[in-house]
Amino acid sequence: MHRRYGLLLLLTAAVVLAVTYASVRVFQPSGMPFSVNVVNSHTAVIVPIPGIPLPKALEPGDRVDLAATPQATRIAISRFTQFDPAGRTYEFAIRRGRAIVMVPVTNVDTSTGTGMRWSEWAFFFVVVPFGGIALLAAWRGRDRAAAGLALWAIASVVGIAVSSLPLDGGLGLSVQLGVGVLYLLARVGFYMMVESMVGAALSHRNRTLWRASFLLLLGAGAVAKLGGVLVFVAYGWAEFLRPQYGFILTASYFVPVVLLFANYRHADGAQRLRLRWMLWSSVVFVTAIFLNNTPLLGFLASQITNTLILPIAMAGFLYAVLRHRVMDISVVLDHTLVYGGMTALVVGMLAAVNSLVEHAALGTSASLLLQVIVPLALGIVLSRVRLYLDRIVEQVFFRKKYLAEKALRRFARHCEGYEHIEELLTAATQTLRERLGMPGVAIYLRKGDTYTAACREGGIAYPESVKIDDAAFAAARTGQNEIDLSELHSALGSDGYAFPMTTQSGLQGVLVCANRPGEHYAAEERKLLTQVARQMGAAMFAINAREDRNFIRAVARGVLNPESTRVQALSLETGWVEN
């Protein structure tokens, strides 16, 4: 356990440092004042970057003799990032007719390039979600799919950060090869995640075929990427650096995407809904990677498109993980977190507006009373703003939960209006399953020395009856508001919660709710279910009381039906109307 947490702390430190560094470095780009397009194994072409002037000795379309270019320059070409050391000068062997001219080129600030600011912000919104996914999967993941997600995200974000280090020469080449290995590990994590998500639908033979296809393409990509760079730096042979060979590097990502699509086609409705966002996010992500490795739109247009659509893919992955729970990640995104963010936002607004008013309106000569009244008035106004923001959060960001809680509160209020217990229980189970998506719900009422299932709905096989001293019912009689079944050894199972239906006269029964797949009920939901269970208990007590009064009136009038007499007598004895 200690080793696991030690490893998690090291990974967390690496991810936080990587995200922080990459997020700052992206706004400080520097590199060659042009891009280099490899056209054959020994020749590249100078391509201008809009907004950045070419050196005077160069013209658009100049051809670079890669074999005659110094090795240090070839290393810089093979890296070709916007994070090369500023002010570093390289020599390019430029062909002028039959002659070769050595032209010195110095790295410049590339932030003035057309569209660079948009690209930088887009890159920022790729790195930060990547880091969030990495930490979420590492700390809260509980299955193999989450482990694959963590490997993919951690390897990617660390690779991005390391690739932005301003290094050149032999050290720069070593770092570049290390980044290549990290990106290969990221592909392994991505495949492991997808295979684990759809693994139940794969036979042993099909799983072996998919793995063999992935490993074959991954190996080809490793040879093309790592081997191609080494051969180019050593001998100036750049065949594997040509754009069309980028497809080999991307191909290993196609295997898990095709696997996801094949499983999606045969999945049931609920599984399709969970996989849909993952599938389309994967398609967008792999498209961005393909454009980065194979610039079909031209170098600049492909890079800009890649950087702009990657944030869309990251948002889709986060939504799939947090909203549709496509893998077993224990995370609670509840009202407290969001409302805390809203409070921080309002406090920040108050501080900013107060500072603005002090400097722009009050000045330094304002009286103490005025300096107190103005912030107080701002606080009162912004408190109303916070209330409006809370309403927006409740009805927009948590709309489904808002509607569910509204329906459950309405049902709790209406419980006392029911005249028959059977109708009350049926309405309760239908409302809970419809509004909270419960896979199973049961209501147990006491009958003699056992608790009997008066109503059961869903796919959970709850027992017909449970002994009176079962751990869950014993806990219910102690006055607890909610019982987590995972903490007990009960005939009701270990996945879900039990909510006592209590009144002043004692325990009327127990409401049992199975957890949704991959998640536990949030604190707000459990609190509301506790309220519903209590209202149901009070309603059943009132219904039984009315039945008892009717029975007593019938006795007093001498009008008795033998069958109803037996039922009512049993009701008085056990507190439950027999079905």
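**Exercise 1. Is Phe 190 buried or exposed, and which ring does Phe 190 pair with?**

Start with the surface: Phe 190 has 0% relative accessibility and so counts as buried (buried is under 20% relative accessible area, exposed over 50%, partly exposed in between, with a 1.4 Å probe and protein chains only). A word on the model before we go on: it is predicted, so local features need pLDDT of at least 70 and side-chain atom pairs count only at pLDDT 80 or more, while totals for chains, interfaces and linings use all residues. Residues are numbered from 1 along each chain as its sequence is written, and side-chain values use heavy atoms, with hydrogens and water left out.

Next, the ring pairs. The structure holds 26 of them (rings of Phe, Tyr and Trp, the last by its six-membered ring, pair if their centres lie within 6.5 Å; planes under 30 degrees apart are stacked, over 60 edge-to-face, the rest tilted). One of these is Phe 190 with Tyr 253, edge-to-face at 5.3 Å centre to centre and 85 degrees between the planes. Phe 190 sits in helix H5 (residues 169-198) and Tyr 253 in helix H7 (residues 246-266), so the pair ties together parts 63 residues apart in sequence (helices are DSSP runs of H or I with at least four residues, strands runs of E with at least two, numbered from the N terminus). Tyr 253 is buried too, at 2%.

Finally, widen the view: Phe 190 and Tyr 253 belong to one aromatic cluster with Phe 130, Trp 152, Phe 285 and Phe 317.

**Exercise 2. Where is Ser 490, and what is Ser 490 in contact with?**

First find the place: Ser 490 is in the loop between strand E11 (483-484) and strand E12 (497-503). Its relative accessibility is 15%, so Ser 490 counts as buried.

Then list the partners. Leaving aside neighbours within four places in sequence, Ser 490 touches Asp 470 and Ala 472 (contact means heavy atoms within 4.5 Å).

**Exercise 3. How many bridges join E2 to E3?**

Strand E2 (residues 34-40) runs antiparallel to strand E3 (residues 43-48), and six bridges join them (strands pair if DSSP finds at least two bridges between them). Asn 37 stands opposite Val 45 in E3, and a hairpin of two residues links E2 to E3.
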